[in-house]
Amino acid sequence: MRLHRVLGSLLLVAAAGTFTVGATTVTSVTKASPAPLGRVVPAAESVRPGGEPYRITGTTVIRVDDSPKARRLGQYLADILRPSTGYRLPLVTHGSTGIQLRLTKGRFGAEGYRLDSGPDGVRITADENAGLFHGIQTLRQLLPAAVEKDSVQPGPWLVAGGTITDRPRYAYRGAMLDVSRHFFTVGQVKRYIDQLALYKINELHLHLSDDQGWRIAVDSWPRLTTYGGSTEVGGGKGGYYTKADYREIVRYAASRYLEVVPEIDMPGHTNAALASYADLNCDGVAPPLYTGTDVGFSSLCVGKQITYDFVDDVIRELAAITPGRYLHIGGDEAHSTSHEDYVRFMDRVQPIVAKYGKTVIGWHQLTGAHPAKGAIAQYWGLDDTDAAEKAQVVKAARNGTGLILSPADRIYLDMKYTEDTPLGQDWAGLVDVKRAYDWDPGSYLADAPASAIRGVEAPLWTETIVTDADIDYMAFPRLAGAAELGWSPAATHDWDAYKARLAAQGPRWEALGIDYYRSPQVPWPTK
């Protein structure tokens, strides 16, 4: 009887999870449940749950087409899954079971995909490799968060049965990293790229020059980096990217299906350049290097021909190492440049960008000049920005200027969450997680034509951001919301549903070593 009572007690404990006999831990044999098919960020266009799940096991293979790009995608997926599952997951080119990455034509667009899951396997189908890559990100989120760890975990590795069909709302889904106020190494930028890719962001905007530092090598103007790049906010040592460094960032971003958008901010935000070359100043006197955070005090000399020789050289060299479509010329906070000089400068600089085969992007003050045909303006105003300024942007949009939306009081990742947030700024207000998510890019600028909206971008300015941990804390969880605004259909936009899906990302970030802000607005899982 005593033995029967002990066994009965053990069975009751086992039904609840795990139990220990002596020094041995026994895992419950109760059936594990996969994550719901729709519990992903960004929300998918269509989710049809149904059928039995697929279980990744030691016999699972990854089937790819026999092409270099397909094999690289298969290898990328295997590199994610092997450390945590402990399985071999070999790449094969034949078979109908396991995990399949398959290209088709004419069904899903440039970045869309379909994911089918059932007891025989998971199949990701897309028209382009970018779609397969985005489907892989969805597959990651359907697996337990422990799949992101770099050591063997117990599993099981279940993928819910059913079908996801997905494609982006907007073609441009960006994040900006300011490497001028504080410099970040190639390795740190790569880390951020991996974080962006998980949420289907496809544009990395690098803010490469400002008053506090010049961060990209220009062979014809070498002191821009050796002198202008030698400091940062607070007086640190600064740093810069050689052309080889920049090419490596571009290459790595492309491997994650992100396009790099380089920015050279002008005619303002140029003290690092002015300090490096006295001739760029109207009075021929170079100012000292600057390590503060004030804005609006610097300007290139609009009336000098050397200014345009300088701009031509910089854009020519930067365009030559940038395979992407865009080159950002800044244009914000040019308070030391008269309106007439600002218009004159932009009229001369935009054709230089076109000459070297790139499309101009500028901050939305560009719309106060004459935006070139095909130019894109990046709106960073506030909900309560002056109506006349908004009307100027809308007028430009009606005349053909594209728009990227980055309203500072909604999507600037450097704004404080609360008054007590130890990092960040509050000049645009406090931006909690709900506020960052709860707006619609399609209707944000009243009367702007829907066709003008190219997408959204979440900038991270770095006056107070110094370390990877700082980036993590300010970007997460708000970055995920920005990604959803850019990717998901407007019909899926719902805060209550989103915050539940967002909460499920917490354990994944912990597994990835992302030290995120535990917003009280989100029902994070308890351990």
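I took a disulfide to be a pair of cysteine sulfur atoms within 2.5 Å. The model is a predicted one, in which local features need pLDDT of at least 70 and side-chain atom pairs count only at pLDDT 80 or more, while totals for chains, interfaces and linings use all residues. Residues are numbered from 1 along each chain as its sequence is written, and side-chain values use heavy atoms, with hydrogens and water left out.

**Entry 1: disulfide**

I found one disulfide in the structure. Cys282 and Cys301 form it, with their sulfur atoms 2.1 Å apart. The S-S torsion of Cys282 and Cys301 is about 105 degrees, so I recorded the disulfide as right-handed. I then looked up accessibility (buried is under 20% relative accessible area, exposed over 50%, partly exposed in between, with a 1.4 Å probe and protein chains only). Cys282 counts as exposed because its relative accessibility is 58%. Cys301, at 6%, counts as buried.

**Entry 2: sheet**

I took helices (H or I, at least four residues) and strands (E, at least two) as DSSP runs numbered from the N terminus. Two strands pair if DSSP finds at least two bridges between them. I noted an open sheet of seven strands, in the order 3-11-8-9-7-5-6 and with mixed pairing. Its edge strands, each pairing on one side only, are strand 3 (46-49) and strand 6 (91-92). Strand 8 (residues 113-118) and strand 11 (residues 162-166) run antiparallel and are joined by five bridges. Tyr113 has Asp166 in strand 11 as its bridge partner.

**Entry 3: pockets**

I worked with a 1 Å grid over the protein atoms alone: a cavity is a set of points where a 1.4 Å probe fits but cannot get out, a pocket is an open set with protein on both sides within 12 Å along at least five of seven lines, and lining residues have an atom within 4 Å of a point. Grid points are joined across faces, edges and corners, and a volume is the space filled by probe spheres set on the points.

The largest pocket holds about 410 Å³ of space. Of its 18 lining residues, I listed Ile80, Arg140, Glu148, Asp194 and Leu512 as the closest to the centre. Helix 2 (68-85) and helix 4 (186-198) are the elements that give two or more residues to this lining. Helix 4 supplies the largest share, five residues.

For the second largest pocket I recorded a volume of about 350 Å³. It is lined by 16 residues, and Glu111, Ala130, Asn202, Tyr257 and Arg325 lie nearest its centre.
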